[in-house]
Amino acid sequence: MERRYASHPNEAKQFDTERLREEFHIPTLFTPDKLELVLSHEDRLIVGGANPVHQAVKLETDLKELGVSFFLERRELGIINIGGAGSVTVDGTNYELENKECLFVGMGSKEVIFNSKDAANPAKFYLNSAPAHKEFPTAKATLADAESADLGSITNSNERTIYRFIHENGIQSAQLVMGMTLLKPGNMWNTMPAHVHPRRMEAYLYFDLPEDAVVVHLMGEPTETRHIIMRNEEAVISPSWSVHSGVGTSNYTFIWGMAGDNKIYSDMDPVDMKELK
Ligand SMILES: O=C(O)C(=O)C[C@H](O)C(=O)CO
Ligand SMILES: [Zn+2]
């Protein structure tokens, strides 16, 4: 498992493109028949991907990094499938996950196995795992089950629907909050006006983006923004002091996951448009 350290805004604002990408950008999450994991020391969120094609992929890692005897001994896991149909087996119970469906796996689950239905259109399971102190039941949610909100407008090029899967009023967790935002066709901006939430870090996965398209992702303190160019199926870590907003050269979807002090989705500090630099 790759490790990323936590960062200080005064240090991060000195970073050049290469260093910014080394610290915050996660380029490789879906490698056939392999589990990809990045442990961020920002609230110890693990960002990962499982892409079973010809064989099952198991949730496992170097346990010394986590100091436990199995992966979810002191952790919980959010899974969203962004690929073809697949299934996740949790301690012998099978959960079918279609595209854009979510499964939460509670602390204490010993064995998690990822499978695809069709090797020609394999599942791609995006993973966020946060430390947990309490066990919550494993639960699945479809887009129809999720609490949703329509935000933005076509005139601001940010008309979108936010689906909340794991949150205060949805699937219960110890601290993980997770959901997905679908931009309406012709809309390119997410999360603008921007916000920060010093109580929680956040990670974004951008997907459903054409191969030659990019998202210009903004990060940094509101008066010290930097950009990271994102391509399809790449993730980016946002420390709690950083804005996280982006504009695409094409339409896209993104998954957001958060860990920190509370699970209140609406607990955000909006950034005044006049403050941004
Ligand atoms: O489109 C949006 O706006 C979002 O999806 C925002 C994220 O959910 C977020 O940053 C939550 O804190
Ligand atoms: Zn946010």
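**Entry 1**

I began with an open sheet of seven strands, whose order is 1-3-4-11-6-9-12 and whose pairing is mixed. Strand 1 (2–4) and strand 12 (139–141) are its edge strands, each pairing on one side only. On average, neighbouring strands of this sheet are turned by 20° against each other, direction ignored. For that angle I took axes as lines fitted to C-alpha atoms, with angles running from 0 to 180 degrees between N-to-C directions. Strands here are DSSP runs of E with at least two residues, numbered from the N terminus. Two strands pair if DSSP finds at least two bridges between them.

I noted that this is a predicted model, in which local features need pLDDT of at least 70, side-chain atom pairs count only at pLDDT 80 or more, and totals for chains, interfaces and linings use all residues. Residues are numbered from 1 along each chain as its sequence is written, while chains are lettered from A and ligands numbered from 1 in the order in which they are written.

**Entry 2: pairings within the sheet**

I looked up strand 1 and found that it runs parallel to strand 3 (residues 35–40), joined by three bridges. Glu2 has Val38 of strand 3 as its bridge partner.

I then turned to strand 11 (residues 125–131). Why is it largely enclosed by the rest of the structure? Six of its seven residues are buried, so the strand is largely enclosed. I used "buried" for a residue with 20 or more other C-beta atoms within 10 Å of its own, "exposed" for 12 or fewer, and "partly exposed" in between, with C-beta atoms placed from the backbone.

Strand 11 pairs in the antiparallel sense with strand 4 (residues 46–50) over five bridges. It also pairs in the antiparallel sense with strand 6 (residues 75–81), over seven bridges. Leu127 of strand 11 stands opposite Gly48 and opposite Ile79.

**Entry 3: strand 10**

I found strand 10 (residues 112–116) mostly covered, with four of its five residues buried. Strand 5 (residues 57–58) runs antiparallel to strand 10 and is joined to it by two bridges; Val57 has Phe114 as its partner there. Strand 7 (residues 86–90) is also antiparallel to strand 10, through five bridges, and Gly86 is partnered by Ser116.

**Entry 4: the largest nonpolar core**

I recorded 73 residues in the largest nonpolar core, where Ile79, Tyr206 and Val236 touch the most other members. Strand 18 (residues 200–207) gives the largest share of this core, six residues. Such a core is a set of buried Ala, Val, Leu, Ile, Met, Phe, Trp, Tyr and Cys residues joined through C-beta atoms within 7 Å.

Which residues does Tyr206 touch? Leaving out residues up to four places away in sequence, I listed Val215, Met230, Asn232, Glu234, Tyr252 and Phe254. Contact requires C-beta atoms, placed from the backbone, within 7 Å.

**Entry 5: Thr249**

I located Thr249 in the loop between strand 22 (245–248) and strand 23 (253–260). Thr249 counts as partly exposed because it has 13 C-beta neighbours inside 10 Å. It touches Ala213 and Val214, residues up to four places away in sequence not being counted.

**Entry 6: ligand 1**

I listed the residues around ligand 1 as Arg160, Ile162, Thr181, Asn190, Thr191, His197, Glu202, His244, Trp256 and Met268. A residue belongs here if its C-beta atom, placed from the backbone, lies within 6 Å of the molecule. By class, this shell has three nonpolar, five polar and two charged residues. Ala, Val, Leu, Ile, Met, Phe, Trp, Tyr, Cys and Pro count as nonpolar, Asp, Glu, Lys and Arg as charged, and the others, Gly among them, as polar.

Definitions and conventions. Two residues are in contact if their C-beta atoms, placed from the backbone, lie within 7 Å.
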